[in-house]
Amino acid sequence: MYILTAFKDSEKMFTITRDMTKDQLLFIRNTSKFTCPQCETPLRLKIGKVVTPHFAHIVLTNCLTSFSERESPTHLTGKQHLAEFFTRVGCTVSVEAYLPKISQRPDLLVKNKRNTFAIEFQCSVIPADDVEKRTAGYLKLKIPAIWLLRTPKNIQLISKGISLIKLPRFMQLFIENQSSSGDTIITYDPTTANFFYASHLIHISGSSFISKIRHLSMEQQTFPFAQVTTLSKDEIEGYWNLFLFKRLRFLKNRIRLSSMGVKDRFLKQCYENKLRPEDLPLFIGFPIQDSQVIQGHLAEWQLALFCSLGQHQLHIQDISDEWLDYFIMTQCKVTDLVKAISVMRRYCRILQMLDINVITSISANSVSESGLFELFEQLIVANRCEN
Ligand SMILES: [Zn+2]
């Protein structure tokens, strides 16, 4: 349990910052008494060689549960970095300020001229419910929460540019739709003092996304956080080529990787359409915003939907929410039914724009690659804040 802020001599709050030397801290430790700002029991100032200097309860109390994170040394360092950062950009910063009305203690409470923000630097995976509850708690006090995850090691190594990135489900909770950079996640890595941006996220399959990667040093960062500029022509081409490559590779490997034999619905549907997976037209396996709520590869649920519409002789304009609901319940695995329905609706709109006839066979529909490229471009470039 690591704490940075304590009551010093029962008078004022004292926060350990990185510019304090070991000698200063040793002196303070010998001359002052510290208590926990929350449970008021004594704290010990620990000055070790490995872990950042911090306070710890001398006697374990149940006060520990209200600290947002069972904190790690990385969390501690990150908090100090971020406190310095927010101070430098002109905010008033309170480290570990306790908010009694909601019994919550954000890592940092930062105030600029207009607003107060609760900053949570999250290093561990916690239940999605906890994230929601804490965010809702701050909102009760009209304090927006800014969650900043620690950059996972494997992601930190991705160099800048257009790249494939794997975002575990927990990280996906923190994807935000921003007007200039589409779906974006920003994380922070205390070991390199860099912010990591994955912007213009396009979901491909499972936890895989195509993304524009950027690293920004703490010195370069601003507040509100710097936004990623729009994509250049070359970058859009890069997205398109990476998408085509990944899609084709998935489809080519699909038969070899199947473990379900004749029960494999996707392969059965390809067979019924007299197509090898890799010969499926490009409108099967097309990226759709928020499709990460539907498990599996884009091509799998899109082919299932196409075949199901054909079987039921159902035109796209006649699809009801109830029908989609039933289709999803019986043929897909989803994490959020309401979102999954709107993802399917978005896909149906694309089929309509492409003039796809779902009542005939797949091969009877032909679509030009340039037409799909245009839709793809709209998906990543356009301001995607609508529904
Ligand atoms: Zn305490």
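Leu 242 is 219 residues away along the chain, and the two C-alpha atoms are separated by 54 Å.

A word on the model: it is predicted, so local features need pLDDT of at least 70 and side-chain atom pairs count only at pLDDT 80 or more, while totals for chains, interfaces and linings use all residues. Residues are numbered from 1 along each chain as its sequence is written.

## The whole chain

The chain has 11 helices and 14 strands, and its C-alpha atoms fill a box of roughly 85 × 40 × 40 Å along the principal axes. Of its 387 residues, 33% are buried.

## The core and helix H8

The largest nonpolar core has 83 residues (a set of buried Ala, Val, Leu, Ile, Met, Phe, Trp, Tyr and Cys residues joined through C-beta atoms within 7 Å). Its largest share, 9 residues, comes from helix H8, residues 298-311. Phe 306 is among the residues with the most contacts inside the core, along with Leu 108, Ile 119 and Leu 303. Setting aside neighbours within four places in sequence, Phe 306 is in contact with Ile 284, Val 358 and Ile 362 (contact means C-beta atoms, placed from the backbone, within 7 Å).

Phe 223 and Pro 224 are joined by a cis peptide bond, with omega about -5°. Pro 224 sits in the loop between strand E14 (208-217) and helix H6 (233-257).

Two residues other than glycine have positive phi. For Lys 142 the value is near 60°, and this residue is in the loop between helix H3 (128-140) and strand E9 (145-150). Lys 142 counts as exposed, since it has 8 C-beta neighbours inside 10 Å. His 200 has a phi of about 50° and lies in strand E13, residues 194-205. With 26 C-beta neighbours inside 10 Å, His 200 counts as buried.

Conventions. Buried ≥ 20, exposed ≤ 12 C-beta atoms within 10 Å, placed from the backbone. Helix = DSSP H or I, 4+ residues; strand = E, 2+ residues; numbered from the N terminus. Contact = placed C-beta atoms within 7 Å.
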